[in-house]
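Please open the model in your viewer and keep the selection tool at hand; the stops below are meant to be followed in order.

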Amino acid sequence: MTSLRCLPAGDGAVLAELGSLDEILALFQALGTWPAGVDDVIPAARTLLVLFSPAVLPARDVAAWLRRVAEATETAAGPSGLGVNRGLEAAAGRRVEIPVRYAGEDLEAVASLLGLTRAELIERHTGSDYLAAFAGFAPGFVYLAGGDPCFHGIPRHTVPRVRVPGGSVAVAGDFSAVYPSDSPGGWQLLGETPWRMWDMERAEPALVQPGFRVRFRDLDAPGAAYSLPAVAGMKPPVSSDAADMAPHDESTTCEVLDAGLQTLIQDEGRPGLTRLGVSRSGALDRRSMRRANQLVGNPPGSPVLEHVLGGLRLRCGGRVVMAVTGATAPVVVTSASGIRLPAAAGHPIVLNEGDELRIGRVRAGVRCYVAVRGAWAVQPVLGSCATDILAGMGPAPLKRGDRVSIGHPVAAGGGADHAEPESGATDAPRAEDRVAFDVVLGPRDDWFDADTVRRLLTQDWVVTPQSNRVGMRLAGDEPLVRARQGELPSEGTVAGALQVPPSGQPVLFLADHPLTGGYPVIAVVLSAQLDRLAQVPVGARLRFNPVPDPLSSPAPE
């Protein structure tokens, strides 16, 4: 086994790097029970990303655990490790056959590259099983390892397609895969399958999961006929319309009179589903979400409304208690008879039937959070009510005319009314501000020379209008130029990561970021500062200050 290399990915993740997918799979299979404090492990082509709670487990202890397991794995399995072949043996009971119509745009070009006829290419692509090695990019997108060696090392397109149709069967690098939905992509397209790789109407939304065996079948072969495997049985459809998702036995609702630029349902997100290609998502400013819930007496992770830049108007269908936190904005409450009532952000607000709550234009920050006593009652999707805009998962954005139910209404007057007002709202950044954040360099700062790293840390980076919940797109006077050429094999990513695409203008990942990425991450913002990061508006200037690498810092006494 290649010597394990541990790299920092912020203060809450360690990236473990080995020399091959076989070694990564061997290590992943050998991890066993995770130590207390490890939250998730994301395998990729050459790396494992270990997410952990730094307050529970220091980064150096995470690295020591990984090295111990790697050494024991090498001793038990020998230099060849366990790898793809062992994975195929272990997956003997979970096999999925995927029918393919081989008529992709790149079929002839790939056949020519390999020196094969069209028929020979199809025969080789369908001639052996693949191991579903790891998930990434999007829910249902699984990297399939193995297959005929002739397909290993297939290059991506230099310029990715703007749109690859969902169901496209493709090859790139050492992998095959099926695109679960329409998306940009640079892989070579061999054909298309009628099977849906990700379908929330199935009992198991992901048709293929890491650890499964996969075999492609030629749909145009004589007598070809295929049906979905029994493991993917159907369940009743889940609506994405917030108005339809509310429970029907609740009597109190709020009507959306104006949703403003964007209003989403959010909670703590979906931890622990990375094996399906599902990232956590959830509220961008978790502190403000929890504070709003505290003010109305809810559990801290109860669903809230996450509202951008002001303009939200709600009309109450009964007596409720609400609270607004986060960005600095006026909060106005008007009675059904048109009388303006006392109200302020950071305090519980009592509203009666017909009263209207309005959030005015945001003066500082970006996002307001609205909690209601009893919580917004929407149907969870994979255990969470969060809306993930990249994955297209969760309740649809609220729109004018929606009615959202309130669960278990409680009369005003509980202890939460006496909670201390929010203290952080006055610190929300403004568009003209320069805002500093602490970063840990790496894990891929070695893809850049010292002058480029210095450029990252010494110039302003402006937040552009192309920013959203997936990430902030930043612009600097001098772009970040790579010192190393070639492609970086896909590896896990974290919120707060500064990923550098070929343009040299970095993208700062937020909660709805892709699970894996193929561009180098030069630095990661500290996890404790992500809430404030979520409140930085377009036009503000960011500065990054380096802090010591947690893998080399002394352990706390």
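Which residues have the most contacts inside the largest nonpolar core? Select L542 and F544, which have the most contacts within this core of 40 residues; a nonpolar core here is a set of buried Ala, Val, Leu, Ile, Met, Phe, Trp, Tyr and Cys residues joined through side-chain atoms within 4.5 Å. Helix α7 (residues 286–296) supplies the largest share of this core, four residues, helices being DSSP runs of H or I with at least four residues and strands runs of E with at least two, both numbered from the N terminus.

Before going further, note that this is a predicted model, in which local features need pLDDT of at least 70 and side-chain atom pairs count only at pLDDT 80 or more, while totals for chains, interfaces and linings use all residues. Residues are numbered from 1 along each chain as its sequence is written, and side-chain values use heavy atoms, with hydrogens and water left out.

Stay on L542 and display its surroundings: beyond its neighbours within four places in sequence, L542 is in contact (heavy atoms within 4.5 Å) with residues including V435, F437, W461, M472 and L508.

Next, select G442 and P443, which are joined by a cis peptide bond with omega of about 10 degrees; P443 sits in the loop between β25 (434–441) and α8 (450–458).

Finally, go to L309, in the loop between β16 (304–308) and β17 (313–316), where phi is positive, near 70 degrees, in a residue other than glycine. L309 is partly exposed, at 39% relative accessible area, on a scale where buried means under 20%, exposed over 50% and partly exposed in between (1.4 Å probe, protein chains only).
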